[in-house]
Amino acid sequence: MITLKTLLDQLQDTSHCTVRNNYDATRFISRIDILRRDTVLCGDTLYLCPDEVLADLIKKEDDASSVLCAPGMDQAPALLVDAAFWETCTKESAAGHLPGTDDPVYTADEKTSPYGNFSVIPVENLPAPKDAFLLLNRRLTFELRLQQEINELYHLLYSGHGLDDLILRAESFLHRPMSVLDASYSMIAVSPLMHQLPFGMEKSKEGSIFLSSQEVESLRRLQIEHQIYKNNQAFFIQTEDHPDTNWIFCGIRIQHVMTGYVALCLPEKVEASEHELRLITAFSDICAIEMQKHEFFVQKTGLQYETFLTELLEGRFNDVNIIEARLKLLNRRFGKFFCLAILYCPEPHNSDLFNKRQMAALRQVYPNAMSVVYKNNIILLINQDTPVQLNPKLTDPLEQFAERNHLKVSLSQPFADILKIRIFYNQALHTLELSDLQTPDQTLFYSTDALPEYLFSKCDYQELEVGIHYHIFQLQDYDKTYHTDFVETLRAYLDHDRNAAKTAEFLHIHRSTFFYRVKKIEELLEISISDSHLLFLYELSFKIWDYLCR
């Protein structure tokens, strides 16, 4: 439904007329009609009154009683009249009353005048009823069409299949090439006509589409990117880099944060129409709602590289050159060595404000690092030109930051192949889950310390159980039968760097007792305790044993 204000504003702008008094701006109008004596009134119709009909209504003793109202009409319909003629007619009424009635006459200086079955709206310089009828009907038709298109787009939010369906429907309304881009210039929805443009897009081997580097530089040089961030509605611009096309841009905002934008291409010398500008503005709002169905869009803090980093974590790239080029466009240096940190908050918090504050602090500690909120955790990608060393210089600030903010941190192993980032993300995530169970009071966890547990977590119980060397079970059975301590002795020896003195001290036994036990173990298993390969298998077996006994 279209409001009365929308129609009257258009009438005043187009015909240079002036509404003389206040009116119900929120009243909905669905029809325009010219009033006649036999008109059946409807409350949602805006009536135009010819002078002769108005004079006839005022002069006749039954005023408007012969004008019929539709059944169930709950409000008097709006009636547009020429202000000057209205004043003249009302002044001629006898003693300020309508002929044959005791009803007062309302002048054009008062609020909307209830006359008979109408709410009268006097308008100065009102066009002839036929001209006003055509003008208002065009506006009403335009508004109804626009509203219907917007409603169809909103309907696709729950009946369609995401941004692809939305942009396809929008293109069918506008018949122009369109694209939806995120803040990292990744084209997350592209209409069929946009694919036909001979410029503007780059495609990775796995099929991801990006705005070309040349186009990104153009957006920045021409200050278009700044305008996208600044404007809350769609705007039209002519670009010197593409004189054969013009453009409409509109930012997509979620919780007042610019997370992307819509671009619509127009042919040369064609300026944007009101229909295009208003539909693109509405389309951007609808895209924002659609994006909020996906968790990582809701949690963006507005940094341009965040969506790009999310795509990295999800393994959407297989070309290092594309990754390096995209980071350069996002003003981030592409180093050769990497490490991932996952920061987990075990306590409830206001995610939006909390994450913004933490991410800002992390950027100060690690200036060239990138961070993003991904699956409710803050992910920090350390990116540098020299090999990453997990030494106190690197990790102490992170551990202190985590302690101050009641966070837990898991570090992946350092790596040099950015295409394997998802593997190391999963490693750090599993390390966090496993280590937090073992040492819940600890703040910082290293994946290097949990490599066996990480590998074990990929197997089921039976697969791991058969990985325990049978010698361990033989010693266990012997201990149970003869009440010896051979399993404990062997394990203590491995845990104390295979040093006899340290092992004996730990077990509170004499060194000769330790060597006696070792000799008995060697005889029982028919092995040599100096066999390093066997000792490695025993160490691995004990780690599996511990893992299965949790």
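Let me start with one cysteine: C89 is found in helix α3, which covers residues 83-91. Please keep in mind that this is a predicted model.

Is C89 buried or exposed? C89 has a relative accessible area of 8%, and the cut-off for buried is under 20%, so C89 counts as buried. What does C89 touch, once its neighbours within four places in sequence are left aside? The contacts of C89 are then A55 and I58. Take A55: from C89 to A55 there are 34 residues in sequence, yet their C-alpha atoms are 6.5 Å apart in space.

Next, a serine. S179 sits in strand β11, residues 178-182. Its relative accessibility is 2%, so S179 is buried as well.

Now to a pair of helices. In general, two packed helices are described by the angle between their axes and the distance between the axes. Here the pair is α4, residues 129-159, and α5, residues 163-174. Their axes are 9 Å apart and the packing angle is about 165°. Angles over 145 degrees count as roughly antiparallel, and therefore α4 is roughly antiparallel to α5. The crossing of α4 past α5 is right-handed.

Which residues meet between α4 and α5? On the α4 side they are R145, E149, E152, L153, L156 and L157. On the α5 side they are D165, L166, R169, A170 and F173. Sorted by class, this contact has six nonpolar residues, five charged residues and no polar ones.

Last, the strands. The one to look at is β21, residues 408-411.

β21 has a partner in β18, residues 337-344. How many bridges join β18 to β21? There are four, and the two strands run antiparallel. Within this pairing, L343 stands opposite V409 of β21.

β21 is also joined to β22, residues 444-446, by three bridges. In that case the strands run parallel. Here S410 stands opposite F445 in β22.

To recap β21: the pairing with β18 is antiparallel, whereas the pairing with β22 is parallel. That is the end of my part.

Key. Residues numbered from 1 in each chain as written. Predicted model: local features only at pLDDT ≥ 70, side-chain atom pairs only at ≥ 80, totals over all residues. Heavy atoms only, no water. Axes fitted to C-alpha atoms, helices over the stretch in contact; angles between N-to-C directions. Parallel < 35°, antiparallel > 145°, perpendicular 65-115°, else oblique. Left-handed = near helix turned anticlockwise from the far one by under 90°. Contact = heavy atoms within 4.5 Å. Nonpolar A, V, L, I, M, F, W, Y, C, P; charged D, E, K, R; others polar. Buried < 20%, exposed > 50% of the residue type's maximum accessible area, 1.4 Å probe, protein only. Pairing = 2+ DSSP bridges.
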